[in-house]
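Hi,

Here is the structure I promised to pass on to you. Have a look at it first, and then read my notes below.

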Amino acid sequence: MNIFKTKTELSSFLTELRKKNKTIGFVPTMGALHDGHISLTKQSASQTDYTVVSIFVNPTQFNDPKDLEKYPRTIDKDIEKLKQAGVSIVFLPNVTEIYPKKDSRIFDFGNIDKVMEGKHRQGHFNGVAQVVSILFEIVIPNKAFFGLKDFQQYVIVKELVKKYMADSNIEIIGCKIIREPNGLAMSSRNELLSSQERENASIINSTLQKAKTLTGEKSVDEIKNFVIQKINQNKFLKVEYFDIVDDTKLEQIKTWEEKSQKVGCIAVFCGSVRLIDNIYF
Ligand code: AMP
């Protein structure tokens, strides 16, 4: 396995691969790796010649310093998992490697970063755009793989490439959500839950699944109320938002008759741990 800590070393290694016409897939992560991350590396391996995985807990995307501080860091286990998954190129930069000086770029994504996660985590997506654009410039991948668990992030990264990096021709691939056996979407943050909280958090997904079966008989607003009330009835859980939006502009859906693809996106606090999930209707 080739582990690089500096962008210069990684870049020169990848330049040699590109000279041999090899394609490069890229999976950016913040570590504390689980099967969701590994599924992205598998997709990358099936579609490109070489896969690069980065592990970098990006400070600029955390609006809450406590969240950044308690974010799980399990680097030795992560490297072991990547070895087992057959990943051969890993990028482990430190903060000054990525941000030699303060990044003051402000990205304009219109509506899509003002709603849902963007509304409740001010500055979060600007930080995501900063780190993803820097990593893309270093790795210059042919394809980059993002989980649909972070649905809004996937939409914004696609817009980032279209609006700010169009010449790069990077293709953004959305990968399906990997879940625990009880249905809870896998997340590095699940590590911070007690086993009782983890069990109760499975209600998030089961409620979204139930809501999907009710669209024939209930209006959009009724479904929203159903989901919020049902989850809030559980004493471990508190819904922050549940919105049903179209899957490209992320505008609110008002009726089921609208033609666009519809996604229900939710954020729920389980104790102090914030979990997100979503479902296509
Ligand atoms: P993170 O380390 O949380 O920043 O996630 C890195 C990448 O893994 C992002 O593209 C996430 O959307 C993706 N990811 C995280 N959890 C899952 C999951 N349960 N299923 C699929 N992809 C995931």
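Start at the ligand: one of its oxygen atoms sits 2.6 Å from a polar side-chain atom of Asp150. His37 also reaches the ligand through its side chain, with an N or O atom 2.9 Å from a ligand oxygen. Met30 uses a polar backbone atom instead, again 2.9 Å from an oxygen atom of the ligand. Around the ligand there are 17 residues, and those that come nearest are His37, Gly147, Asp150, Ile178 and Met186 (a residue counts as near if one of its heavy atoms lies within 4 Å).

Before you go further, a word on what this is: a predicted model, where local features need pLDDT of at least 70 and side-chain atom pairs count only at pLDDT 80 or more, while totals for chains, interfaces and linings use all residues. Residues are numbered from 1 along each chain as its sequence is written, and side-chain values use heavy atoms, with hydrogens and water left out.

Now zoom out. The chain splits into domain 1 (2-175) and domain 2 (188-280), with bounds from an automatic or database domain assignment. Their centres, taken over C-alpha atoms, are 26 Å apart.

Arg189 and Asp67 meet in a salt bridge, at 2.7 Å from N to O. Helices here are DSSP runs (H or I, at least four residues), numbered from the N terminus.

In total the structure holds ten salt bridges. Asp67 turns up again in a salt bridge with Arg121, their closest N and O atoms being 3.7 Å apart. That pair links distant parts of the chain, 54 residues apart: Asp67 is in helix H3, and Arg121 is in the loop between H6 and helix H7 (124-139).

Cheers

Definitions and conventions. A salt bridge is a side-chain nitrogen of Lys or Arg within 4 Å of a carboxyl oxygen of Asp or Glu. A polar contact is a pair of N or O atoms within 3.5 Å; within protein, one must be able to donate a hydrogen and the other to accept it, and residues adjacent in sequence count only if both atoms are side-chain atoms. Helices (H or I, at least four residues) and strands (E, at least two) are DSSP runs, numbered from the N terminus.
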